[in-house]
Amino acid sequence: MLNKESVYLEILENYFERKLVKFTQKEISVKLGISIGLVNKTVKSLVEIGVVTQRPRANTLIDAKKLLLYWSSQRKLNHDIMYKTHFDGSIKEIESSMPPDVVFTAYSGYRLKYGDAPADYEKVFVYCENVQEFKKRFPPSKKYENVFLLKKPVFLKPGIAPASMLYVDLWNLRDWFATDYLNALEKRLFK
């Protein structure tokens with residue numbers, strides 16, 4: 001995940017989780033530990049497409065849905081796949097076999113966050129740092145892949161990915177059931 005994507009995520013999580021629309025570049029820079037120049041450049045691109053208004057003291061997010069779609073179209077989820085394999089077992093067995101430091105995203109993330117599943121799913125996507133521990137639990141296999149390990153951004157805490165990240169990750173999947181999850185998540189985010 002690129003640093004500018006972490007800026008998108010922070011702006012969106014302020015909106016969805018904390019109901020905040022105002023932010024400053026300095027706050028984001030300090031919180032994420034990235035340069036103010038990168039944050040400024042990223043915010044400028046959002047101003048240019050009409051997602052953010054810029055004022056001297058604070059910026060304002062004016063179109064969260066457009067920012068989600070903008071980020072979704074830029075995200076390259078396949079580039080973050082560090083390891084993929086097959087695991088014989090049910091989805092719940094796969095999910096319960098994960099190391100404790102994973103961050104569930106996509107289908108599992110949605111189900112765990114909201115307690116329901118808009119459709120059956122057959123793949124599990126997680127962010128994780130400890131690749132060796134992951135490979136011990138899910139050894140290589142020549143069968144079709146149903147377990148995917150994504151490179152974990154440093155700022156993600158173990159558990160479940162934030163709602164906006166779930167959306168962006170789901171948007172980038174080609175499975176037929178991804179659309180069901182995307183539609184259900186969109187209804188939750190934009191009631």
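Helix H2 (residues 25–32) and helix H3 (residues 36–48) pack with their axes 9 Å apart and at an angle of about 130°, where axes are lines fitted to C-alpha atoms, for helices over the stretch in contact, and angles run from 0 to 180 degrees between N-to-C directions. The structure is a predicted model, in which local features need pLDDT of at least 70 and side-chain atom pairs count only at pLDDT 80 or more, while totals for chains, interfaces and linings use all residues. Residues are numbered from 1 along each chain as its sequence is written, and side-chain values use heavy atoms, with hydrogens and water left out. Helices (H or I, at least four residues) and strands (E, at least two) are DSSP runs, numbered from the N terminus.

H2 and H3 are therefore oblique to each other; angles under 35 degrees count as roughly parallel, over 145 as roughly antiparallel, 65 to 115 as roughly perpendicular and the rest as oblique. The crossing of H2 past H3 is right-handed, a crossing being left-handed if the near helix is turned anticlockwise from the far one by less than a right angle, and right-handed if clockwise. Gln 25, Lys 26, Ile 28 and Ser 29 of H2 and Ile 36, Val 39, Asn 40 and Val 43 of H3 make the contact, with contact taken as heavy atoms within 4.5 Å. By class, the residues of the contact of H2 with H3 comprise 4 nonpolar, 3 polar and 1 charged, where Ala, Val, Leu, Ile, Met, Phe, Trp, Tyr, Cys and Pro count as nonpolar, Asp, Glu, Lys and Arg as charged, and the others, Gly among them, as polar.

H3 also carries Glu 48, which counts as exposed at 59% relative accessibility; buried means under 20% relative accessible area, exposed over 50%, and partly exposed in between (1.4 Å probe, protein chains only). Glu 48 and Leu 9 are separated by 39 residues in sequence and by 18 Å in space, C-alpha to C-alpha. Glu 5, found in helix H1 (residues 3–16), is by contrast buried, with a relative accessible area of 3%, and touches Trp 71 and Arg 75 when residues up to four places away in sequence are not counted.

An open sheet of 3 strands has the order S1-S3-S2 with antiparallel pairing, two strands being taken to pair if DSSP finds at least two bridges between them. Its edge strands are strand S1 (22–23) and strand S2 (52–54), each of which pairs on one side only. S2 is joined to strand S3 (residues 59–61) by 3 bridges in an antiparallel arrangement, and Gln 54 has Asn 59 as its bridge partner in S3. H3 packs on this sheet, touching S1, S2 and S3, and its direction makes about 110° with that of S2.

S4 and S7 run antiparallel and are joined by 4 bridges, with Val 147 in S7 as the bridge partner of Thr 85. S7 (residues 147–151) runs parallel to S6, to which 5 bridges join it, and Leu 149 in S7 is the bridge partner of Val 126. Strand S5 (residues 103–105) pairs with S6 in the antiparallel sense over 3 bridges, with Thr 105 opposite Phe 125 in S6.

In strand S6 (residues 124–128), 5 of the 5 residues are buried, so the strand is largely enclosed by the rest of the structure. Val 124, Val 126 and Cys 128 point one way from S6, whereas Phe 125 and Tyr 127 point the other way. Helix H8 (residues 163–171) is likewise largely enclosed, because 8 of its 9 residues are buried, among them Met 165, Tyr 167 and Asp 169.

H6 passes H9 in a left-handed crossing, and the contact involves Tyr 107, Tyr 110 and Tyr 114 of H6 and Ala 178, Tyr 181, Ala 184, Leu 185 and Arg 188 of H9. The contact of H6 with H9 has 7 nonpolar, no polar and 1 charged residues.
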